[in-house]
Amino acid sequence: VDVSFVASADRHEPYVATSVRDDQRSFGAAVTRGTHSKPFVVSAGSDELLTWTRPIRSANGSLSLVFQRSLSSALRPYHEIRNSILMFGGILLAAATMLAAWLARSATQPVEDLTRAAQRLEAGDYEVEVPSVGTSELKGLAGAFNAMRAAVADREATIRHQAEHHPLTQLPSRARIGTVLEGILA
């Protein structure tokens with residue numbers, strides 16, 4: 001903190017004794033006259049100075065004690081901490097985004113596999129078994145799909161056999177014999 005003493009007598013230019021560098025001196029009317037109970041900001045070239053004035057009792061006129069500190073140098077540690085926090089937060093956000101994408105992909109891949117299996121079942125393809133990967137719930141669902149696939153394939157084979165064979169003799173039906181003969185003749 002730079003310290004200054006500002007002495008002024010009536011109708012005279014104020015006298016200033018200060019530790020402030022020449023290029024940062026800015027002792028306007030706000031600093032030399034009046035008392036401020038709270039700190040205020042004074043522009044000094046390209047910088048701003050946080051300024052606080054206190055009156056001192058004097059028999060020879062007005063005397064004020066002025067404390068000044070460069071606002072940019074006072075805030076520099078806070079700006080560095082803010083920048084570090086923002087950089088750390090950005091890195092953490094990028095890592096969290098990549099982790100979330102990976103977790104979402106690992107969670108949706110088994111569901112996509114089950115969806116493709118259901119579409120194959122709908123199309124009548126009962127040969128391909130549904131892979132059981134993922135969580136225990138998805139493995140249970142894949143097991144249920146496989147059981148359903150096998151049961152539907154068995155029922156379809158039974159229905160086809162019943163449609164093509166006589167129920168008592170198990171001999172091929174007339175429609176089945178016609179289909180076989182057409183295939184042989186072709």
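The buried residues of helix α2 are L71, P110, D113, L114, A117 and L121, where buried means under 20% relative accessible area, exposed means over 50%, and partly exposed lies in between, with a 1.4 Å probe and protein chains only. The cover over these buried residues includes β3 (40-44), β4 (47-56), β5 (62-70) and α3 (136-164). Helices (H or I, at least four residues) and strands (E, at least two) are DSSP runs, numbered from the N terminus.

This is a predicted model, in which local features need pLDDT of at least 70 and side-chain atom pairs count only at pLDDT 80 or more, while totals for chains, interfaces and linings use all residues. Residues are numbered from 1 along each chain as its sequence is written, and side-chain values use heavy atoms, with hydrogens and water left out.

**The chain as a whole**

The protein chain has four helices and five strands, and from the N terminus on these elements follow the order β-β-α-β-β-β-α-α-α. Of its 186 residues, 19% count as buried. The accessible surface of the protein chain comes to about 13600 Å², of which 61% belongs to carbon and sulfur atoms; accessible areas come from the Shrake-Rupley method with a 1.4 Å probe, and for residues only the protein chains shown count as cover. Among contacts (heavy atoms within 4.5 Å) between residues at least 6 apart in sequence, 31% join residues at least 24 apart.

**Helix α2**

Helix α2 spans residues 71-123, and its 53 residues reach 74 Å from the first C-alpha to the last, close to the 78 Å expected at 1.5 Å a residue; the expected span is 1.5 Å times one less than the number of residues. At P77 the helix bends by about 35°, the bend at a residue being the angle between axes fitted to the seven residues ending there and the seven starting there. Just after α2, G124 takes a positive phi of about 95°.

**Salt bridges**

A search of the whole structure finds five salt bridges, a salt bridge being a side-chain nitrogen of Lys or Arg within 4 Å of a carboxyl oxygen of Asp or Glu. The table gives some of them.

| Pair | Closest N and O atoms |
|---|---|
| D113 and R116 | 2.3 Å |
| E129 and R149 | 3.8 Å |
| R176 and E164 | 3.6 Å |

D113 and R116 are separated by about one helical turn, because they are three residues apart in helix α2. An α-helix has 3.6 residues a turn, so residues three or four places apart point the same way. D113 counts as buried at 17% relative accessibility, whereas R116 is partly exposed, with a relative accessible area of 38%.

E129 forms a salt bridge with R149. This pair links distant parts of the chain, with E129 in the loop between α2 and α3 and R149 in helix α3, 20 residues apart. E129 is exposed, with a relative accessible area of 53%, while R149 counts as buried at 13% relative accessibility.

R176 forms a salt bridge with E164. This pair also links distant parts of the chain, with R176 in helix α4 (residues 174-185) and E164 in helix α3, twelve residues apart. R176 counts as partly exposed at 31% relative accessibility, and E164 is partly exposed with a relative accessible area of 25%.

**Strand β2**

V16 lies in strand β2 (residues 15-18) and, at 26% relative accessibility, counts as partly exposed. V16 and F5 are eleven residues apart in sequence and 5.7 Å apart in space, C-alpha to C-alpha.
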